[in-house]
Amino acid sequence: MDVRHRLALVALLLIVPVTAWAHVSEGALVLLMPTGFYTVAGVSAVLVSVVVAAFLTPTGAARLFASRKIYLPRIGGLRFIMPAAGLMVFIAAFLAGVLGEQHPLENLMPLYLWTLLWLILPAVQMIFGDVWSRMNPWAFVALFLKESTDQTGKPCWFALVFFLVIYLFAMVDVAPDAPARLAVFSGLYWLFHLGMMLWKGPGWLARGEGFTVLFALLARLSPMAGGRIGLPGHKLHQDLHPRGQCGNNPMLSVAVFAIAMLAAGSYDGINETFWWLSQIGVNPLAFPGRSQVVAPMLMGFVMAQLTLLIGFSAICFLGWRLASRPGHFQDFFTVMSLALLPIAAGYHVAHYLTAFLVNGQYLKIAVTEMFHFSHAADHAEVYITTGFFNRPSYVRDIYVVQSCAIVIGHMLAILLSHSFALGITNNRITALKSQAPLIVFMIGYTFLGLWLLASPRGV
Amino acid sequence: MNSTKKTAISRRSTLGLLGGAALAPAVLPGLSGFAQAQSSAPIKIGFQLHRTGIGAAYGRWYERTSNAAVARINDMGGINGRPVELVIEDDGTDPKRGAEVVEKFATQHECDIGFGTLFSHVVYGSAPRAGELKLPYFVCSEGHHVASGALNRYVMQPGITDVKSQVQAMAPFVANNLGKKVTMIFPDFAFGHDHRDFFSAAIEAQGGEVVAKIAIPPTETSFTKYFPQIPRETEVIYHVMVGPAVLTFVKEMGEFFGPSSPEIFGFIDSLEAVDLSSPGLEFLEGTYFWEGNPRYAQADQTEFDKTYRAAIGIDENGASVSDSADVSTYAHMFSCWETLNVIKRGMEAAGYQGPADRVKLIEAIEDMTDMAHSDDHPQGAKVFNGKTHQVFGHQYISQVEEGRLNVKHTTAIEDGFYEDEVDYTTQSF
């Protein structure tokens with residue numbers, strides 16, 4: 001459309017009345033619920049975790065995050081089968097995207113990327129640990145590569161950039177789920193990282209590829225991480241907190257990555273609210289379409305990233321000062337940032353649960369059809385339903401699960417950050433001082449998360 | 001809310017994955033029975049669908065209805081002896097993508113026509129491109145955009161009445177049965193303003209008056225402070241609230257009035273795809289609604305409605321046969337079914353063979369007037385106005401009784417007539 005047409009369209013939109021089609025969904029039922037009560041209950045639970053944290057000693061913290069080795073049976077051949085399967089699924093999705101029906105909800109390409117990887121895999125990583133490292137579409141090739149240079153200890157700034165670009169694409173792009181387009185982008189992304197891996201060695205993924213760093217960080221929260229079982233986050237605790245020392249200090253880039261995850265997840269929720277839409281001058285009852293809000297949505301994303309990064313840095317600095325500057329500030333900042341991971345994970349579950357309930361049905365059908373060799377089902381009527389959003393009891397259950405994800409994420413974050421502080425200061429009172437601003441921040445963030453769940457949404 | 005029927009077309013995603021597009025014709029519905037036509041190549045109808053974006057909830061039902069309509073047309077022998085194929089493109093409920101989709105239909109997919117657009121802002125974004133590309137473009141939007149003259153000769157709305165006609169047709173019933181002093185409560189943007197302007201004029205023509213116009217900001221989620229603005233003399237409340245706060249609105253209005261409320265009249269747009277048993281909606285008992293097509297099968301249900309529901313998989317309460325909570329967009333989605341049947345009739349009248357006959361198709365539809373209540377038009381009889389490219393028809397006024405909507409009045413087609421605002425037939429192709 002040329003400029004003349006754009007102007008004509010804008011003029012038309014301004015002067016000619018439009019029909020509203022905003023419809024009632026589960027959001028309407030949530031608005032009728034006593035969400036204030038749930039919010040108070042959720043924040044109270046987080047306060048309880050603050051009290052528990054306040055009484056923690058270094059030994060108590062170590063006991064809380066203690067873990068026990070799990071003995072898993074070794075299945076021969078899995079080492080090859082899993083990476084091969086991961087690559088085959090990617091190739092299948094790519095081909096479906098290029099050649100298949102261009103259905104944004106049914107095509108395997110968007111289902112693979114946006115439902116399987118974006119919605120489901122984070123939860124899988126949080127529960128079962130790092131599945132992605134074995135099943136990612138590069139893992140098969142990596143089996144045959146030798147590490148050319150030592151990649152450990154190198155920062156993951158490249159991965160951060162890719163993560164932000166992927167997130168922006170999901171949120172701001174006009175047609176992120178158009179299959180062929182998505183397949184081309186995914187193919188190029190895959191080729192680029194394949195090339196980098198061939199050049200830099202398989203370790204490239206862990207520092208240069210956005211999904212890998214994202215999923216690896218989430219996997220550290222798994223109760224089964226590292227082949228041991230314990231409280232979610234025990235691996236993180238162990239990695240950052242050996243013998244009460246801050247010896248295995250994570251890199252600054254990983255810390256910033258964790259903050260970026262939380263900022264992105266938060267903005268993902270905020271950008272749909274009536275509040276935000278009215279801030280950018282959009283009528284939430286008549287959303288004009290993604291193409292009409294690219295600039296404000298992009299700006300909001302950048303603002304969210306900067307606000308959280310600067311704000312959280314300032315809060316950490318305040319805590320570090322209150323505790324009479326224990327160790328280097330950068331060390332303090334990096335471990336505290338990683339304590340935000342459970343909150344980011346909680347936001348993810350809460351935000352994408354409803355999308356999962358719908359898109360998961362499409363994925364299930366696609367998978368069933370793929371493995372269904374009988375043509376008897378060709379004419380069977382399989383229906384996708386969103387009827388549960390009309391049932392108050394289901395909507396309440398969904399809301400409760402979402403709230404629990406937010407609350408549990410914050411409780412874990414408080415316990416983790418407190419135990420990190422104990423590791424750094426080795427003194428209960430000093431640790432508590434260092435945590436005071438962070439506790440305020442995390443309680444505020446609990447409010448934000450629960451407010452987002454209870455807010456009317458317009459997109 | 002919504003369901004999608006998995007059809008042969010959607011299976012192609014899997015087949016495309018396994019073996020490429022070459023397999024696709026094998027699964028197109030009923031291709032084999034059309035060899036007697038001059039060309040057995042399918043007539044391609046580009047279906048601009050809101051599969052994603054804010055219109056997705058409606059889009060799924062529009063898809064289900066259109067698939068059923070095309071299957072029926074093909075079962076009856078197609079159009080001019082040729083099968084019909086829906087070429088579906090998602091527009092993301094976005095005006096820019098809408099224009100791109102129209103372009104794809106015309107240039108890439110070589111579609112004969114474009115069809116199906118619902119949201120008005122997407123119609124506005126797409127229709128000019130259809131005019132430039134000389135692609136007949138059939139919208140199913142109920143917006144007043146076509147009849148207002150804002151679009152072009154290639155754009156038509158032959159399957160659903162426009163909002164101006166709908167609102168105007170309500171006035172005689174409201175004035176004669178509910179009361180002449182009306183307070184309007186509407187969201188304060190174009191949608192609400194349409195209702196305010198069209199209804200104010202229509203009720204005055206019936207000797208009534210709008211005693212108060214209460215505009216609610218779109219971001220409002222609590223309404224108790226607005227109800228005291230309702231004048232005491234009010235006999236009827238006309239409400240058209242939409243969005244996630246609508247249940248709250250109904251509940252708070254019910255609590256405000258208690259048992260002694262004025263008569264209440266609304267548009268089902270507020271509660272399209274919403275289960276009437278939702279909490280808060282018990283306050284709607286006894287109130288009236290405009291319905292484009294009655295959601296609940298009525299005692300005098302026609303065979304046409306029965307056939308139509310069965311074809312799409314809708315039960316007698318307007319929900320999916322597979323999930324009674326999955327309430328359809330019943331008041332609007334008939335527009336897809338009826339529009340496709342008008343296209344068929346138009347192509348047959350024009351002897352349509354291919355894109356070279358597009359102008360003949362438009363002229364043939366412009367020549368149409370009466371459309372009989374039938375399997376082709378299960379919502380009711382209609383009259384098409386070839387000059388304004390807009391169809392006119394019956395409207396239904398239903399009352400909520402024991403949680404279901406029972407039709408109390410069917411308007412005459414003439415109740416929705418208004419002066420022509422455009423004559424597209426004077427525009428050149």
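Domain bounds here come from an automatic or database domain assignment. On that basis, chain A of this predicted model is divided into domain 1 (30–69 + 238–374 + 382–459) and domain 2 (77–146 + 176–227). The C-alpha centres of these two domains of chain A lie 24 Å apart. Their contact takes 17 residues from domain 1 of chain A and 18 residues from domain 2 of chain A. On the domain 1 side, α14 and α18 of chain A are the elements that give two or more residues. Helix α18(A) provides the largest share of that side, with 13 residues. By class, the side of domain 1 of chain A that touches domain 2 has 13 nonpolar, three polar and one charged residues.

Chain A contains 20 helices and two strands. Of its 459 residues, 51% are buried.

One helix of chain A illustrates burial. Helix α12 of chain A covers residues 210–219. Ten of its ten residues are buried, so α12(A) is largely enclosed by the rest of the structure. The buried residues run from Gly210(A), Phe211(A), Thr212(A), Val213(A) and Leu214(A) to Phe215(A), Ala216(A), Leu217(A), Leu218(A) and Ala219(A). What covers them includes α6 (108–128), α7 (132–135) and α9 (157–172) of chain A. The cover also includes α11 (204–208), α14 (252–270) and α18 (341–370) of chain A. Two of these helices, α14 and α18 of chain A, also give residues to the domain 1 side of the domain contact.

Confidence in the prediction was examined next. The predictor gives the complex an ipTM of 0.85 and a pTM of 0.89. Chain B averages a pLDDT of 90, and 91% of its residues score at least 70. Where pLDDT is low, the predicted coordinates should not be read in detail.

Chain B is also divided into two domains. Domain 1 comprises 8–161 + 331–393, and domain 2 comprises 164–291 + 395–416. Their centres, taken over C-alpha atoms, are separated by 33 Å. The contact takes nine residues from domain 1 of chain B and ten residues from domain 2 of chain B. On the domain 1 side, the elements giving two or more residues are α10 (330–350) and β15 (390–393) of chain B. By class, that side has five nonpolar, four polar and no charged residues.

Within chain B, strand β2 (residues 84–90) is a buried element. Seven of its seven residues are buried, so β2(B) is largely enclosed by the rest of the structure. Both faces are covered. Val84(B), Leu86(B), Ile88(B) and Asp90(B) are buried on one side, and Glu85(B), Val87(B) and Glu89(B) on the other. Strand β1 (residues 43–49) of chain B runs parallel to β2(B), and seven bridges join the two. One residue pair in this set is Gln48(B) with its bridge partner Glu89(B) in β2(B).

A further group of strands in chain B forms an open sheet. Its seven strands follow the order β7-β6-β8-β9-β10-β16-β17, with mixed pairing. The edge strands are β7 (209–216) and β17 (404–410) of chain B, each of which pairs on one side only. Neighbouring strands of this sheet are turned by 25° against each other on average, direction ignored. Inside the sheet, β8 (residues 236–239) and β9 (residues 263–267) of chain B run parallel and are joined by four bridges. Ile237(B) has Ile264(B) as its bridge partner in β9(B). Helix α7 (residues 190–205) of chain B lies across β6 (181–187), β7 and β8 of chain B. The helix runs at about 165° to β6(B).

Beyond the sheet, Ser428(B) lies in the segment after β17 of chain B. With 4 C-beta neighbours inside 10 Å, Ser428(B) counts as exposed, because the limit for an exposed residue is 12 or fewer. Ser428(B) and Asn152(B) are 276 residues apart in sequence. In space, their C-alpha atoms are 9.7 Å apart.

Key: Residues numbered from 1 in each chain as written. Chains lettered and ligands numbered in written order. Predicted model: local features only at pLDDT ≥ 70, side-chain atom pairs only at ≥ 80, totals over all residues. pLDDT = per-residue confidence, 0-100. Pairing = 2+ DSSP bridges. Axes fitted to C-alpha atoms, helices over the stretch in contact; angles between N-to-C directions. Contact = placed C-beta atoms within 7 Å. Buried ≥ 20, exposed ≤ 12 C-beta atoms within 10 Å, placed from the backbone. Nonpolar A, V, L, I, M, F, W, Y, C, P; charged D, E, K, R; others polar.
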